[in-house]
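Please look through the structure shown here with an eye to its open spaces, and then read the notes below, which are grouped by topic.

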Amino acid sequence: MLKDAPSVNGLNKPFIPLESTWIEIDTDQFKKNLSIIKAHVKPRLYCLPIKANAYGHGLIPMAKLAMQCDIDYLAVSSLHEGIRLRQAEINCPILVLGAFQEDQIPDLIKYHLEFTISSLLKAQQVISYLESTQNKAYVHLEIETGMNRTGARPSTAKTIYDYLIQHPLIELKGIYSHLANSDQEDHPLNFKQQKLFENWIDQCPNKHLFHLANSSALVHQMSPLSTMVRPGLLSFGLYSKPLEGSLARIKPCFYLKSRVSYFKVVQKGDSIGYGSTYVAQKQTRIATIPIGYGDGYRRMLSNKARVLIRGQYFPVVGLICMDQLMVDIGDQEAYVGDEVVLVGEQGGKSITIQQLAEFCQTIPYEILTGFNERIARYYL
Ligand SMILES: *Cc1c(COP(=O)(O)O)cnc(C)c1O
């Protein structure tokens, strides 16, 4: 429950911002998720992936909350996400996961970002910059085990490793890899990837951090020998299956809300919206909600998704527009200004990101990261 919400059903919530459509982040629940995961993975370090605007939750506020929970590391995908965190005075270790460009090396170092090396050429570029400036760099070596995205192949990885560890201006903080199928517990590639990675753990001194597990690998207890984990989606309270044990108390902290902006009665045979894809079968009431695909509420949800108004589900009818959508409230009552829940809970009923993802035939990650900066975010 959100702090400001009455405990009964959320219908008379005092919190209504000036915006017509907004996201609420339940900061208590987010912090709870982090502390549950932190206790679960101990003594391993906890690296929180906070890329793509913290999975749509808002980069800087979520990073600040993570700092309150003593998260060991943040991970971002690019230099520019890292710079934004540093400019907001986030001072913890930050790992840039994605491959960098040569002209980004000075800023990676200037902003004290740890970054990923996965080719000999990149290693040489970094070292030549360090030698010309006498700066030091803190890096992670990404090894290829089966994802075939950005890791160094085993044969080159060894050469890069030897090259990095002997250099006085480089500190090799970590060695990592990424699983391609950790969501499918018994996928054969998991075993191959884990074995290749564990060979590295066996052969290297334990002064480095070893990290492999994302959310589903953590839940499936893969890679027990690693010394750091990188669960993203799980930290934001989402997972594809019901969670067990101590992890069962992890919950989403993301609410998408709006307010009815218009109301009309339509007659039998009237069509709704672009393309007339929905035709009223009888006289009915249509409420207009000011959110559309231009905010990240996907057009694929047209004539599929539901919303909650006054504690009841109502279907989204007609094609979703750029800025608005319509719902059929039948013979029920709704007034301009009524709160609409598009993701989250109201009156004991709920709508999840996973349900929206299924309607769009995609994964929760894509739905969450699609909600853009046009929607105001409130941290309650
Ligand atoms: C995004 C990402 C993660 C987090 O994945 P989740 O499935 O959200 O837990 C971990 N590691 C790497 C390299 C990533 O790119």
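In this predicted model, the lining of the largest pocket draws at least two residues from each of four helices, namely H2 (51–55), H9 (215–219), H10 (353–359) and H11 (364–370). The volume of this largest pocket is about 870 Å³, while the second largest pocket holds about 370 Å³ of space.

**The largest pocket**

- Among the 34 residues that line the largest pocket, those lying nearest its centre are Lys51, Tyr55, His178, Asn214 and Tyr365.
- Sorted by class, the lining of the largest pocket consists of 14 nonpolar, 14 polar and six charged residues.

**The second largest pocket**

- The second largest pocket is lined by 18 residues, and the closest to its centre are Lys251, Pro252, Glu345, Ser350 and Thr352.
- Strands S10 (254–259), S18 (339–346) and S19 (349–351), together with helix H10, each supply at least two residues of this lining, and the largest share, three residues, comes from S18.
- The lining of the second largest pocket comprises nine nonpolar, six polar and three charged residues.

**Helix H3 and the residue Asp70**

- Within helix H3, which covers residues 59–68, the buried residues include Leu59, Ile60, Met62, Ala63, Leu65 and Ala66.
- After H3 comes Asp70, which has a positive phi, near 55 degrees.

**Confidence in the model**

- The average pLDDT of the protein is 95, and 96% of the residues score at least 70.
- Residues 1–11, however, have a pLDDT below 50, although this stretch has 25 contacts in the model beyond near neighbours in sequence.
- Where pLDDT is low, the predicted coordinates should not be read in detail.

Definitions and conventions. Residues are numbered from 1 along each chain as its sequence is written. This is a predicted model: local features need pLDDT of at least 70, side-chain atom pairs count only at pLDDT 80 or more; totals for chains, interfaces and linings use all residues. Side-chain values use heavy atoms; hydrogens and water are left out. pLDDT is the predictor's confidence in each residue, from 0 to 100. Contact means heavy atoms within 4.5 Å. Buried means under 20% relative accessible area, exposed over 50%, partly exposed in between (1.4 Å probe, protein chains only). On a 1 Å grid over the protein atoms alone, a cavity is a set of points where a 1.4 Å probe fits but cannot get out, and a pocket is an open set with protein on both sides within 12 Å along at least five of seven lines; lining residues have an atom within 4 Å of a point. Grid points are joined across faces, edges and corners, and a volume is the space filled by probe spheres set on the points. Ala, Val, Leu, Ile, Met, Phe, Trp, Tyr, Cys and Pro count as nonpolar, Asp, Glu, Lys and Arg as charged, and the others, Gly among them, as polar.
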